[in-house]
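The following dialogue concerns how a structural model may be read.

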Amino acid sequence: MKNIVILISGSGSNMAAIVQAAQQRQWAQRFGVRIAAVVSNRPDAAGLEWAQAQGIEVSVLDHTAYASREDFDAALQALLDAYDPVLVVLAGFMRILSAGFVQHFAGRLINIHPSLLPAFGGLHTHQRAIDMGCQFAGATVHQVTAELDHGPILAQAVVPVLPGDTAERLAARVLSQEHRLYPTAIEGWLSRTRSA
Ligand code: GRF
(Lines give C-alpha, C1' and ligand atoms only; values in the text may rest on other atoms or scores of the structure.)
Protein backbone atom coordinates (compact mmCIF):
# COMPACT_ATOMS: atom_id res chain seq x y z
CA MET A 1 0.00 0.00 0.00
CA LYS A 2 1.37 3.43 -0.94
CA ASN A 3 1.11 6.38 1.41
CA ILE A 4 -0.51 9.78 1.07
CA VAL A 5 0.36 12.34 3.77
CA ILE A 6 -1.79 15.43 4.36
CA LEU A 7 -0.41 18.65 5.87
CA ILE A 8 -2.73 21.03 7.72
CA SER A 9 -2.56 24.13 9.91
CA GLY A 10 -6.14 24.68 10.99
CA SER A 11 -9.66 23.28 10.87
CA GLY A 12 -8.73 20.63 8.34
CA SER A 13 -12.05 20.51 6.54
CA ASN A 14 -10.33 19.80 3.21
CA MET A 15 -8.34 17.04 4.89
CA ALA A 16 -11.57 15.53 6.22
CA ALA A 17 -13.18 15.69 2.76
CA ILE A 18 -10.17 13.86 1.29
CA VAL A 19 -10.17 11.18 4.02
CA GLN A 20 -13.90 10.60 3.51
CA ALA A 21 -13.50 10.41 -0.24
CA ALA A 22 -10.67 7.89 0.16
CA GLN A 23 -12.97 5.68 2.23
CA GLN A 24 -16.16 6.13 0.21
CA ARG A 25 -14.52 5.85 -3.20
CA GLN A 26 -12.27 2.97 -2.18
CA TRP A 27 -8.90 4.45 -3.04
CA ALA A 28 -7.16 1.53 -1.30
CA GLN A 29 -8.72 -1.03 -3.63
CA ARG A 30 -8.68 1.12 -6.75
CA PHE A 31 -5.31 2.85 -6.46
CA GLY A 32 -3.44 0.99 -3.72
CA VAL A 33 -3.12 4.13 -1.57
CA ARG A 34 -4.10 5.08 1.96
CA ILE A 35 -4.06 8.31 3.95
CA ALA A 36 -1.18 7.28 6.19
CA ALA A 37 -0.68 10.42 8.24
CA VAL A 38 -1.83 13.95 8.95
CA VAL A 39 0.82 16.46 9.98
CA SER A 40 0.20 19.93 11.43
CA ASN A 41 2.63 22.76 12.10
CA ARG A 42 0.24 24.05 14.75
CA PRO A 43 -0.40 22.05 17.94
CA ASP A 44 -3.93 23.51 18.21
CA ALA A 45 -5.11 22.56 14.71
CA ALA A 46 -8.67 21.32 15.15
CA GLY A 47 -8.29 18.81 12.34
CA LEU A 48 -5.80 16.74 14.34
CA GLU A 49 -8.40 15.41 16.73
CA TRP A 50 -10.72 14.45 13.91
CA ALA A 51 -7.95 12.63 12.03
CA GLN A 52 -6.90 10.77 15.16
CA ALA A 53 -10.49 9.67 15.74
CA GLN A 54 -10.40 8.16 12.24
CA GLY A 55 -7.41 6.05 13.26
CA ILE A 56 -4.94 8.05 11.19
CA GLU A 57 -1.45 8.72 12.55
CA VAL A 58 -1.08 12.38 13.46
CA SER A 59 2.05 14.41 14.13
CA VAL A 60 2.68 17.98 15.22
CA LEU A 61 5.80 19.77 14.09
CA ASP A 62 5.59 23.19 15.72
CA HIS A 63 7.39 25.62 13.43
CA THR A 64 7.91 28.08 16.31
CA ALA A 65 10.31 25.58 17.87
CA TYR A 66 12.72 25.88 14.94
CA ALA A 67 15.33 28.60 14.50
CA SER A 68 14.90 28.93 10.74
CA ARG A 69 12.63 27.97 7.86
CA GLU A 70 15.35 25.62 6.59
CA ASP A 71 15.56 23.84 9.97
CA PHE A 72 11.80 23.37 10.08
CA ASP A 73 11.65 22.19 6.47
CA ALA A 74 14.47 19.69 7.09
CA ALA A 75 12.58 18.24 10.07
CA LEU A 76 9.35 18.12 8.05
CA GLN A 77 11.13 16.44 5.15
CA ALA A 78 12.56 13.77 7.48
CA LEU A 79 9.13 13.16 9.02
CA LEU A 80 7.50 12.80 5.61
CA ASP A 81 10.29 10.67 4.16
CA ALA A 82 9.60 8.07 6.84
CA TYR A 83 6.29 7.44 5.01
CA ASP A 84 7.91 7.40 1.56
CA PRO A 85 4.80 9.24 0.35
CA VAL A 86 3.54 8.85 -3.19
CA LEU A 87 1.73 12.18 -2.69
CA VAL A 88 2.03 15.03 -0.17
CA VAL A 89 -1.19 17.04 0.03
CA LEU A 90 -1.14 20.60 1.41
CA ALA A 91 -4.63 21.25 2.78
CA GLY A 92 -4.78 24.65 4.43
CA PHE A 93 -1.09 24.33 5.33
CA MET A 94 -0.10 27.92 6.05
CA ARG A 95 3.66 27.75 5.68
CA ILE A 96 5.84 28.80 2.79
CA LEU A 97 8.10 25.89 1.87
CA SER A 98 11.73 26.37 0.92
CA ALA A 99 12.99 25.60 -2.57
CA GLY A 100 14.97 22.58 -1.37
CA PHE A 101 11.89 21.01 0.21
CA VAL A 102 9.80 21.62 -2.89
CA GLN A 103 12.55 20.15 -5.08
CA HIS A 104 12.76 17.04 -2.90
CA PHE A 105 9.03 16.34 -3.32
CA ALA A 106 8.79 17.62 -6.90
CA GLY A 107 5.97 15.97 -8.84
CA ARG A 108 4.29 14.60 -5.70
CA LEU A 109 3.43 17.83 -3.85
CA ILE A 110 0.08 19.53 -4.41
CA ASN A 111 -1.81 22.44 -2.85
CA ILE A 112 -5.26 23.99 -2.84
CA HIS A 113 -5.52 27.76 -3.01
CA PRO A 114 -8.78 29.69 -2.53
CA SER A 115 -8.68 31.74 -5.74
CA LEU A 116 -8.74 31.23 -9.46
CA LEU A 117 -4.97 31.23 -9.98
CA PRO A 118 -2.99 32.89 -11.41
CA ALA A 119 -5.17 35.66 -9.93
CA PHE A 120 -4.82 36.41 -6.22
CA GLY A 121 -1.95 34.34 -4.94
CA GLY A 122 -1.14 34.94 -1.27
CA LEU A 123 -3.54 35.89 1.50
CA HIS A 124 -6.96 37.61 1.75
CA THR A 125 -8.03 36.23 -1.62
CA HIS A 126 -11.77 36.65 -1.08
CA GLN A 127 -11.65 40.29 0.03
CA ARG A 128 -9.31 41.11 -2.83
CA ALA A 129 -11.66 39.47 -5.36
CA ILE A 130 -14.60 41.46 -3.94
CA ASP A 131 -12.60 44.71 -3.94
CA MET A 132 -11.64 44.19 -7.59
CA GLY A 133 -15.29 43.70 -8.57
CA CYS A 134 -14.71 40.12 -9.72
CA GLN A 135 -17.92 38.39 -10.80
CA PHE A 136 -16.44 34.96 -10.26
CA ALA A 137 -14.14 33.49 -7.66
CA GLY A 138 -13.11 29.95 -6.82
CA ALA A 139 -10.35 27.58 -5.88
CA THR A 140 -7.39 25.99 -7.62
CA VAL A 141 -5.56 22.72 -7.05
CA HIS A 142 -2.03 22.99 -8.38
CA GLN A 143 1.34 21.33 -8.27
CA VAL A 144 3.67 23.09 -5.88
CA THR A 145 6.74 24.76 -7.30
CA ALA A 146 9.25 26.98 -5.53
CA GLU A 147 7.24 30.11 -6.38
CA LEU A 148 4.31 30.66 -3.98
CA ASP A 149 0.86 29.77 -5.39
CA HIS A 150 2.28 29.03 -8.82
CA GLY A 151 2.81 25.70 -10.49
CA PRO A 152 0.81 23.80 -13.08
CA ILE A 153 -2.94 23.84 -12.47
CA LEU A 154 -4.62 20.46 -11.95
CA ALA A 155 -8.23 21.52 -11.33
CA GLN A 156 -10.38 24.56 -10.63
CA ALA A 157 -13.85 25.27 -9.28
CA VAL A 158 -15.72 28.48 -10.00
CA VAL A 159 -18.39 30.19 -7.87
CA PRO A 160 -20.23 33.46 -8.47
CA VAL A 161 -19.50 36.54 -6.39
CA LEU A 162 -22.96 37.71 -5.32
CA PRO A 163 -24.16 41.23 -4.59
CA GLY A 164 -23.49 42.16 -0.97
CA ASP A 165 -20.96 39.36 -0.50
CA THR A 166 -18.60 39.66 2.44
CA ALA A 167 -15.24 37.87 2.47
CA GLU A 168 -16.76 35.40 4.95
CA ARG A 169 -19.75 34.56 2.77
CA LEU A 170 -17.62 34.18 -0.31
CA ALA A 171 -15.07 32.08 1.61
CA ALA A 172 -17.82 29.70 2.74
CA ARG A 173 -19.14 29.35 -0.83
CA VAL A 174 -15.64 28.64 -2.13
CA LEU A 175 -14.79 26.25 0.71
CA SER A 176 -17.78 24.04 0.02
CA GLN A 177 -16.53 23.71 -3.56
CA GLU A 178 -13.00 22.99 -2.31
CA HIS A 179 -14.40 19.95 -0.50
CA ARG A 180 -15.66 18.59 -3.82
CA LEU A 181 -12.72 19.75 -5.91
CA TYR A 182 -9.74 18.51 -3.91
CA PRO A 183 -10.70 14.82 -3.60
CA THR A 184 -11.66 14.76 -7.29
CA ALA A 185 -8.36 16.36 -8.32
CA ILE A 186 -6.41 13.83 -6.23
CA GLU A 187 -8.39 10.98 -7.76
CA GLY A 188 -7.52 12.31 -11.22
CA TRP A 189 -3.87 12.49 -10.23
CA LEU A 190 -3.97 8.91 -8.90
CA SER A 191 -5.59 7.58 -12.09
CA ARG A 192 -3.02 9.31 -14.28
CA THR A 193 -0.05 8.20 -12.17
CA ARG A 194 -1.31 4.64 -12.09
CA SER A 195 -1.71 4.41 -15.84
CA ALA A 196 1.59 6.23 -16.51
C1 GRF B 1 -8.99 26.69 2.53
O2 GRF B 1 -9.78 27.73 2.01
C3 GRF B 1 -7.72 26.58 1.74
O4 GRF B 1 -7.89 26.75 0.38
C5 GRF B 1 -6.94 27.71 2.35
O6 GRF B 1 -7.22 27.65 3.73
C7 GRF B 1 -8.49 27.05 3.92
C8 GRF B 1 -8.26 25.83 4.78
O9 GRF B 1 -9.43 25.29 5.28
N10 GRF B 1 -5.55 27.66 2.01
P11 GRF B 1 -9.42 23.87 5.99
O12 GRF B 1 -8.30 23.87 7.03
O13 GRF B 1 -9.21 22.82 4.94
O14 GRF B 1 -10.75 23.77 6.64
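Q: Is Asp-149 buried or exposed?
A: Buried means under 20% relative accessible area, exposed over 50%, and partly exposed in between (1.4 Å probe, protein chains only). Asp-149 has a relative accessible area of 12% and is therefore buried. This is a predicted model, in which local features need pLDDT of at least 70 and side-chain atom pairs count only at pLDDT 80 or more, while totals for chains, interfaces and linings use all residues. Residues are numbered from 1 along each chain as its sequence is written, and side-chain values use heavy atoms, with hydrogens and water left out.

Q: Where does Asp-149 lie, and what is its phi?
A: Asp-149 belongs to the loop between strand S6 (136-143) and strand S7 (153-160). Its phi is positive, about 55°, although Asp-149 is not a glycine. Helices (H or I, at least four residues) and strands (E, at least two) are DSSP runs, numbered from the N terminus.

Q: Which loop holds Gln-26, and is Gln-26 buried or partly exposed?
A: Gln-26 is found in the loop between helix H1 (13-24) and helix H2 (27-31). Its phi is near 55°, a positive value in a residue other than glycine. With a relative accessible area of 42%, Gln-26 is partly exposed.

Q: Where is the cis peptide bond?
A: The cis bond joins Leu-117 and Pro-118, with omega about 15°. Pro-118 is placed in the loop between strand S5 (109-113) and helix H6 (125-131).

Q: How many helices and strands does the protein have?
A: There are seven helices and seven strands, and their order along the sequence is β-α-α-β-α-β-α-β-α-β-α-β-β-α. The radius of gyration, taken over C-alpha atoms, is compared with a globule rule of 2.2 Å times the number of residues to the power 0.38. The protein has a radius of gyration of 16 Å, close to the 16 Å that the rule gives for 196 residues, so it is as compact as a globular protein of that length.

Q: Which residues have the most contacts inside the largest nonpolar core?
A: In soluble globular proteins, nonpolar side chains tend to be buried together. A nonpolar core is a set of buried Ala, Val, Leu, Ile, Met, Phe, Trp, Tyr and Cys residues joined through side-chain atoms within 4.5 Å. The largest one here has 37 residues, and those with the most contacts inside it are Ile-4, Ile-6, Trp-27, Ile-35, Val-89, Tyr-182 and Ile-186. Helix H7 (residues 167-195) gives the largest share of this core, eight residues. Another core, of 19 residues, lies apart from it and includes Leu-80, Phe-93, Leu-109 and Val-144.
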